[in-house]
Amino acid sequence: MLETLLDGVVQRGARTAILDVTGVTGAGDEVAQGLVQIAKAVRLLGAEVVLTGVQPQMARVIAAIEESLHGVAVVRSTLESGIDHALRARRAAGR
């Protein structure tokens with residue numbers, strides 16, 4: 001998943017990558033740490049990650065791990081609000 005996302009960001013010149021985890025339940029430390037690493041890698045390419053659909057259990061796991069999403073990803077409750085954020089950022093950038 002990471003390779004595909006990073007290649008897509010580069011090939012398309014994307015400024016935003018939306019990761020929707022609405023259907024993900026029962027996520028543990030490994031998944032949470034993976035999301036943080038993905039967000040950091042995308043940020044290194046100059047794009048922003050918008051994480052949407054975080055469920056309560058995943059929120060607890062992400063909050064409990066040492067690495068946080070603070071500063072590396074924007075979190076929105078729904079895919080719709082994540083898309084809205086990305087579109088507003090695009091308009092603000094004049095693209």
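**View 1. How do strand β2 and β3 pair, and over how many bridges?** Strand β2 (residues 48-52) runs alongside β3 in the parallel sense, and four bridges link the two. Here, strands are DSSP runs of E with at least two residues, helices are runs of H or I with at least four, and both are numbered from the N terminus. Two strands count as paired if DSSP finds at least two bridges between them. Look for Thr-52, which sits opposite Arg-76 in β3.

This is a predicted model, so local features need pLDDT of at least 70 and side-chain atom pairs pLDDT 80 or more, while totals for chains, interfaces and linings use all residues. Residues are numbered from 1 along each chain as its sequence is written, and side-chain values use heavy atoms, without hydrogens and water.

**View 2. Here is the whole sheet, open and three-stranded.** Its order is β1-β2-β3, with parallel pairing. β1 (16-20) and β3 (73-76) each have a single partner strand, so one side of each edge strand has no neighbour in the sheet. On average, neighbouring strands are turned by 25° against each other, direction ignored.

**View 3. Now helix α2 (residues 29-44) packs on the sheet.** Helix α2 touches β1, β2 and β3 (contact means heavy atoms within 4.5 Å). Its direction makes about 150° with that of β2; axes are lines fitted to C-alpha atoms, for helices over the stretch in contact, and angles run from 0 to 180 degrees between N-to-C directions.

**View 4. Step back, and the elements run α-β-α-β-α-β-α from the N terminus.** That gives four helices and three strands. The C-alpha atoms fill a box of roughly 40 × 25 × 20 Å along the principal axes.
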